[in-house]
Every structure is written in structure tokens, then in C-alpha cells.
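User: I would like a close look at a single part of this model, with the terms spelled out as you go.
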Amino acid sequence: MTPDMSDVRRARHGRPVHHWRRDVIELAALFTAVAVADAVANLVGHGPDGPALLGLSAAALVATAGFHTWWARRHGHAPPVSDTGARPPVVERQAGPSGTDTAGASTVLWRMRTTVRDEPGSLATLCTALASLRIDILSLQTHPLAQGTVDEFLLRAPAELEATGITRVVASAGGTGTWIERADAHDLVDAPTRVLGLATRTALDAAELPLALRQLLGRCTIRSLPAVSPASGRAEDDVPVEGTLEDTVMRLRAPEGGVITVERPYLPFTPTEFARARALVELDARLGPRIPRSQDVLTLPEGKSITVRRADASDLQAAKEMHERCSARTLGMRYHGPVGDADRYLRHLLSPRFGRTLAVQTTSGRIVGLGHLLWDGDETEVALLVEDAWQRRGIGTELLGRLVTMAVEAGCENVYAVTQASNTGMVAAMRGLGLPLDYQIEERTLVITARLDATPVASRLPYGEAGGSHGARGTRD
């Protein structure tokens, strides 16, 4: 896929898609609206009850607007009913005094946020209401606001208690804007420990920043835009150094001068969350570009040795030289556009800010293959490029297996590859993963999506010792 990051409005697979059916429907709706408006105008202008009809229409419009405003304030940031059960319930057994299970004491974990008045006794009233339902408060975080306080709870509640029952009691105790979802055992880790762990991951690898932000802030979409679009060469939108926070969207200044946009569909960000995210970005900026320097030496079936390692912007010149050795067909298969535009995307692709890149290097130091794992909003793309003279030797399969391993370790649910039906090598490599695959045709390209919650692939080792299916032996340096 050509990684044009200048278009924020992106389709599912990371590039703008023109939906002609939607355009036709919108055009038809426009013509219908014009016809209705004309009919109403004729009725009001020429009918005997025109003024009365106009007054009734105005009253109905005011009533509708008032109801919509009331409803939005009451339910503005509540997730859909189907979303509150997004996670499978974690059912526990409440142990009795002797350590045995108490009959009928099955419990589930919930994460809940609610806003209470910032005055003495308001939190106590809420806790008393939860206790009346036999709900145990396992942890509590407070997020002060200009008016009121957002309290975030981890609750253990009786299994038979529904989310609506909890929110109803919370509302009666003064809680507003309540949001609740099922939790699991991972949420039992306290916030300081989780933040320190994310900071450690970010310090070791610059590519971890988007993943760390996602784990810090929960379900959200994160997009990184470079300072200059690799496709058009135009400067992207800038943000202040201190960043901006607008309800469910925060925008942060990326370390290299671009923009990091974080968006959450239902739950507004609090100033506390904004401060944590900004501190994580500032840590990344102070440490500068960095990637793990470990590497694997593999032996191909014909006996030649290659090295697989992480790549970054320091490999830009070597990657351009590999482009010069690749045929126009190979570059066209990879970038799906004019071959002359391929070089301009390399700086973006090699930046650890937008994903992870693996390079295959010969004993002479020449790069002959690149594999990219790209963070595409809330999805993940894999892409491969192998120099013509080194194709059909298992290099692409080896790279793909390692990229999928990285995606699994990062907690990705699936990965997708954008290619062409005639690219039999890429199609075969995806099928060789042994994972469930979905195929879609989009704008004359083939999109293959692999689900990662199935049986692991044979090469899912972070380093070395590739199996026989890849035709290589590996040792770690």
C-alpha cells in the first residue's frame, strides 16, 4: 500500500476509498429534500391554512430540538448497549471464611467511570450506594475537572447484577455521565505499575509509543501524521507544543515534528489522562530515535547466510540502493503506484514512529529485503519487498512470520496485507501462516486479513531458529 498519511479520513485499509453508492444515495436525498421544500413552500404560499401550518411546523421543530438537547446531555457519552458487553465476563468465585467457595457467590469484574460533585460526602454517598448492592471496590482513581470529579472504579459485583442495575444506583447517588464495561484480570494491575511498565517499553523501542498510548488510554484510535506528507510534500497541520484536548480527541506534538492524534469514540479524555499521555510523548522525545539492536543470522537452503535485524532511518540510503536494483514490476507490486514515487515513502516507512521495520542483509552488508509492520489507526498492516535476485528463497515468508509475531506481542487482533492477485508470492506467504484469512477486492487491489487469535504460526519466535517451512536455520547474535 502506498502510505499516504496526509489524508486523515482513511478507509479501513489505510487509504481513501471513493464509495460511489454513498454518493448516489446522498445525491438522491438532496433532490428529495429540494422537492419536499418546494412542495411545502407552495402549500404555505397558496393554501388557505398556510400561516397556521408554518407556525405548527416551527413549534414541532423547537420541540424536537429541545428533546434532542435533553437526550444528548443525558446520554451523550454512553457507549452503545452492545458495547458494554464487549469483553467476556470474568466470573470469579467468592471464597468463604474457610477458603472454600461460597454457594451463589459468583462475581464479575467491571470498569466504571462516573462524574460526581466536587464537595465533601459525594464520594461517600456513591460508595455507600455500591455497597448496598454487595459491590466491592477494588481500586479507585480520581480525575479532577474544573467542575466535579471523574471517578474511575474497578468493581467486583455479583454475577447476576446487570450493568443497568449498577448505573441506576449510581445515578440515584449523584453520579452523572456514567460509563461502564466488563473488565478482566489485566485490569487488576494498579495504575502506577501499568504506567511504569509502559514507560519502560517506550524507552527500549520508539515503535512502542503508539501501542503504549493505546494501552494507557483504553480503546482508542491513534494516528501519526508526519511533519511533511510523503506523497504531496506539503506540511501537515501543526499543534502547539503543549498539545490540545477537545472532549474525545487529543492532539500531541510528535517528537519529530509531526502530529499524534488520539480519538476515543464515547468517553471524553480527562486532563489527568492528557497529562499522562503528554508525559509519555515527552519521554519518547527526550530519548530520541532508538530500536533494539539484536539480530539473527540465518542460513538459506543453498548455504548462503543472511542477517535479519530491525531497521530505521539510518538505513535510508541502503534501502534506496535496493530500490534501484529492484525491477519496475517488483516495485509496482509493493507500492501500487508510480515506480518513481517509491523512494519518497522510505523515510516514512523506516521511521519507528509509524511501526516496525525488519531488514534482511547479506554478509557484505547489502540490504536485499524489507518487511514493514505499520500502525494504521486501530489496525495493523504488513508489507514486504524482496529484491528480485533474492526472491523464491523463503526470505519473504521468514519476514512475514516475524512481523506477525511482533503483531501478536503487541496485542493486535489481526493484520492485513494490500497486494495484487497476481502477486502469488505474497498470497502464498499469507496462506502459509496457517491462520484464518479474509479476502477483499478494493480499488483493483487484493486485501488479505489474517486473524491472530487462532493457532500460532510455525515461525512465531521473536528471534532465530526458523523452522523447516522457511528453509533456514538461525542463531542469535
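Which residues of helix H5 are buried?

Analyst: This is a predicted model, in which local features need pLDDT of at least 70 and side-chain atom pairs count only at pLDDT 80 or more, while totals for chains, interfaces and linings use all residues. Residues are numbered from 1 along each chain as its sequence is written, and side-chain values use heavy atoms, with hydrogens and water left out.

Helix H5 covers residues 191–204, where helices (H or I, at least four residues) and strands (E, at least two) are DSSP runs numbered from the N terminus. Its 14 residues reach 20 Å from the first C-alpha to the last, close to the 20 Å expected at 1.5 Å a residue, the expected span being 1.5 Å times one less than the number of residues. The buried residues of H5 are Ala191, Leu198, Ala199 and Thr202; buried means under 20% relative accessible area, exposed over 50%, and partly exposed in between (1.4 Å probe, protein chains only). Seen down the axis of H5, these buried residues fall within an arc of 100°, so they line one face of the helix, the arc being that of the directions from the helix axis to the C-beta atoms.

The face turned away from that buried side carries the exposed residues Leu196 and Leu204. Strand E3 (136–144), helix H6 (209–217) and helix H7 (271–287) are included in what covers the buried residues of H5, with contact meaning heavy atoms within 4.5 Å.
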